[in-house]
Amino acid sequence: MNKKRKTATAIAVVLFMLVALEIVYIFSELYTESDIPDNQTVTDSIKFKEEYEALNGTKNSNGQQIRSILIDEDNPLIYAEAKDIVSMIENKESFIVYFGFANCPWCRSVIPSLITSAKENNVTKIYYVDVLSIRDKYELNDKNKAVRTTEGTEDYYKLLSLLDSVLDEYTPLTYKDKKNKIKKVKINEKRIYAPNVIAVKNGEAKLNESGIIDALDDAYMELTDEMKCEMKERFRCLFDVLKEDNQVCEIDSQKC
């Protein structure tokens with residue numbers, strides 16, 4: 001009798017466990033993406049939108065009003081790290097990468113036009129690297145010599161080498177000499193500025209476009225439709241580099 005009871009109990013336990021597992025399975029199937037907390041389902045495009053729009057209505061460390069911008073929810077920005085871009089270049093891939101950061105005033109001036117141009121030209125992926133978090137920093141010492149005060153990451157220096165052909169010289173440091181003339185200090189190093197939007201084709205850097213047009217001489221100035229149009233045209237040229245065999249793209253000055 002005891003054996004029968006033990007057997008019945010064991011069978012009941014097994015059946016209970018099977019039923020429990022089935023219930024868990026059913027609920028896991030019903031637990032769709034919409035049921036997951038927002039902070040776990042945010043896509044890169046939404047994350048980018050929130051990161052940049054979060055600064056709207058705020059001021060920078062100098063007390064200047066940060067440009068308010070609106071980012072489309074279906075923008076093509078994909079978050080990447082420097083090591084990802086290094087790997088893609090070494091694997092001979094073709095892609096567009098945007099180097100910038102959220103509170104960069106020049107980036108905020110051009111990023112809406114970059115996104116609009118990408119959508120108009122069916123560009124669905126633009127990799128985004130926060131360059132501020134990876135690059136080095138220089139300051140002038142008391143002898144007006146450039147001294148590196150912050151080291152860049154290992155992958156940043158790799159990118160300097162891999163993208164060398166399209167990068168500009170790093171000469172942002174200036175001082176006034178005894179005659180009160182402004183002097184630039186050369187660092188003998190290339191620089192990934194913000195913004196830098198670079199077209200890489202088959203692992204080779206082809207073109208670097210900042211989107212900063214001649215008329216944009218102040219990162220905080222109001223943008224006209226003509227200025228936005230010219231920015232879009234410049235980025236269209238960048239996108240075309242991946243489609244065409246030639247490296248040079250001519251901007252249609254009559255379009256705007």
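## The disulfide and its surroundings

The link of Cys 229 and Cys 256 is left-handed, with -80° about the S-S bond. It connects distant parts of the chain: Cys 229 belongs to helix 7 (residues 225-243), Cys 256 lies in the segment after helix 7, and the two are 27 residues apart. The model is a predicted one, and in it the sulfur atoms of Cys 229 and Cys 256 stand 2.0 Å apart. Because a disulfide is counted when two cysteine sulfur atoms lie within 2.5 Å, the pair of Cys 229 and Cys 256 at 2.0 Å qualifies. The count for this model comes to 1 disulfide. In general terms, such a link is a covalent bond between the sulfur atoms of two cysteines.

Asp 225 is exposed, with a relative accessible area of 62%.

The table collects the relative accessible areas of selected residues.

| Residue | Relative accessible area | Class |
|---|---|---|
| Asn 144 | 30% | partly exposed |
| Asn 180 | 55% | exposed |
| Asp 225 | 62% | exposed |

## The chain as a whole

The chain contains 7 helices and 11 strands. Of its 256 residues, 37% count as buried. The accessible surface comes to about 16000 Å², and carbon and sulfur atoms account for 50% of that area. Among contacts between residues at least 6 apart in sequence, 66% join residues at least 24 apart.

## Helix packing

Two packed helices are described by the angle between their axes and the distance between the axes. Helix 5 (residues 105-120) packs against helix 7 at an angle of about 55°, with the axes 8 Å apart. That angle makes helix 5 oblique to helix 7. The crossing of these two helices, helix 5 and helix 7, is right-handed. On the side of helix 5 the contact is made by Ser 109, Val 110, Ser 113, Leu 114, Thr 116, Ser 117, Ala 118 and Glu 120. Helix 7 contributes Lys 228, Met 231, Lys 232, Phe 235, Arg 236 and Phe 239.

A second pair is formed by helix 4 (residues 82-90) and helix 6 (residues 154-162), whose axes come within 9 Å and cross at roughly 35°. The crossing of helix 4 and helix 6 is left-handed. Helix 4 takes part through Ala 82, Lys 83, Ile 85, Val 86 and Ile 89, and helix 6 through Asp 155, Lys 158, Leu 159 and Leu 162.

Phe 99 lies in strand 2 (residues 95-100) and counts as buried at 0% relative accessibility. Leaving aside neighbours within four places in sequence, Phe 99 is in contact with Val 129, Val 131, Leu 159, Leu 163, Ile 192, Tyr 193, Ala 194, Pro 195, Asn 196 and Ile 198. Phe 99 and Asn 196 are 97 residues apart in sequence, yet their C-alpha atoms are 5.2 Å apart in space.

Ala 194 and Pro 195, both among the contacts of Phe 99, are joined by a cis peptide bond with omega of about 0°. Pro 195 is found in the loop between strand 9 (190-191) and strand 10 (196-201).

## Positive phi values

Asn 144 has phi near 60°, a positive value in a residue other than glycine. This asparagine, Asn 144, sits in the loop between strand 4 (137-140) and strand 5 (146-150) and is partly exposed at 30%. Asn 180 also has a positive phi, near 65°. Its place is in the loop between strand 7 (173-176) and strand 8 (182-185), and Asn 180 is exposed at 55%.

Methods:
Residues numbered from 1 in each chain as written. Predicted model: local features only at pLDDT ≥ 70, side-chain atom pairs only at ≥ 80, totals over all residues. Heavy atoms only, no water. Helix = DSSP H or I, 4+ residues; strand = E, 2+ residues; numbered from the N terminus. Buried < 20%, exposed > 50% of the residue type's maximum accessible area, 1.4 Å probe, protein only. Contact = heavy atoms within 4.5 Å. Areas by Shrake-Rupley, 256 points an atom, 1.4 Å probe, with all protein chains shown as cover. Axes fitted to C-alpha atoms, helices over the stretch in contact; angles between N-to-C directions. Parallel < 35°, antiparallel > 145°, perpendicular 65-115°, else oblique. Left-handed = near helix turned anticlockwise from the far one by under 90°.
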